[in-house]
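This briefing covers aromatic contacts and strand pairing. Please look at the sequence and the model before reading on.

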Amino acid sequence: MPKFISIFTLPVLLILSLHAKEPMMAILQNVISNEMQKFTFGNYSFVCEAYGVVSLEKLYEKSQNNSTCQESIKSFYKKNPYLQYYTESILKNQVMYHVEFKEKGCVIYVQGKKTLSEVLLEEGLAVSQPSFQDEEYNYSFLKLQQRAKSNKKGLWGEDILKSCVDSLYKDAK
C-alpha cells in the first residue's frame with residue numbers, strides 16, 4: 001500500500017507544482033550545457049532550459065553553418081574553455097535546487113534568490129531573449145546584461161559576437 005501511495009502521490013505533486021507555478025525542489029542529475037540541465041523529482045526526469053535568455057550555445061545553433069558567428073563562438077570557447085562548462089562550476093550533481101516552471105523554461109535558483117538566467121547574463125554567457133516581457137525579471141535581466149556589456153564580460157568582450165547578438169534582435173523585430 002505505501003508503494004501505491006508514493007506512485008500516485010509523486011505525479012500528483014509534480015502536476016500540481018507545474019500548474020501552480022510554485023517552485024519545487026528537484027535533484028540535479030547532470031548539466032547538459034550552460035543553458036540546459038536534467039533534474040529529477042521523485043521518479044520523474046525532466047530537462048530545464050534557462051528562462052528568458054539565449055545562451056551562446058543557442059546562438060551557435062541558430063546561426064548558419066560556418067558563419068562568422070559560429071566561428072567566433074568556437075574561438076571564444078577555445079580561448080576560454082572554462083566558460084563552456086561554467087554552469088557545472090556553480091551547480092552540483094545530486095543536489096536539490098528550487099525549480100519553477102515558466103512558459104518554455106525553468107527558473108532555477110542557484111545562489112540564494114539569484115537565478116541561473118541572471119548568472120548567465122551577468123557573466124556574458126547569454127543575452128535576454130528578444131521581446132522578453134516578464135515584470136518580475138525584466139529590470140534585473142536588463143541591468144545584468146548592461147553590466148556584462150560595460151565590463152566586456154563573456155560574449156561582450158568579443159566584437160564579432162556583438163553582430164551575432166545584433167542579428168538575433170533584428171530577426172525578432
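Are tyrosine 51 and phenylalanine 132 buried or exposed? Both tyrosine 51 and phenylalanine 132 are buried. The model is a predicted one, and it holds seven aromatic pairs.

**Tyrosine 51 and phenylalanine 132**
- The ring centres of tyrosine 51 and phenylalanine 132 lie 5.4 Å apart with the planes at 70°, so this pair is edge-to-face.
- Tyrosine 51 sits in the loop between strand S3 (44-49) and strand S4 (53-55), while phenylalanine 132 sits in the loop between strand S8 (126-128) and helix H7 (138-150), so the pair ties together parts 81 residues apart in sequence.

**Tyrosine 51 and tyrosine 137**
- For tyrosine 51 and tyrosine 137, the ring centres are 6.0 Å apart and the planes are at 70°, so the pair is edge-to-face.
- This pair links distant parts of the chain, with tyrosine 51 in the loop between S3 and S4 and tyrosine 137 in the loop between S8 and H7, 86 residues apart.
- Tyrosine 137 is buried, as is tyrosine 51.

**Aromatic cluster**
- One aromatic cluster is formed by Tyr51, Phe132, Tyr137 and Phe141.

**Pairing of strand S1**
- Strand S1 (residues 24-31) and strand S5 (residues 96-102) run antiparallel and are joined by four bridges.
- Histidine 98 in S5 stands opposite methionine 25.
- S1 also runs antiparallel to strand S2 (residues 36-41), with four bridges joining the two.
- Leucine 28 has phenylalanine 39 in S2 as its bridge partner.
- S1 and S2 make a hairpin, with four residues between them.

Note on methods
Residues are numbered from 1 along each chain as its sequence is written. This is a predicted model: local features need pLDDT of at least 70, side-chain atom pairs count only at pLDDT 80 or more; totals for chains, interfaces and linings use all residues. Side-chain values use heavy atoms; hydrogens and water are left out. Rings of Phe, Tyr and Trp (its six-membered ring) pair if their centres lie within 6.5 Å; planes under 30 degrees apart count as stacked, over 60 as edge-to-face and the rest as tilted. Buried means under 20% relative accessible area, exposed over 50%, partly exposed in between (1.4 Å probe, protein chains only). Two strands pair if DSSP finds at least two bridges between them.
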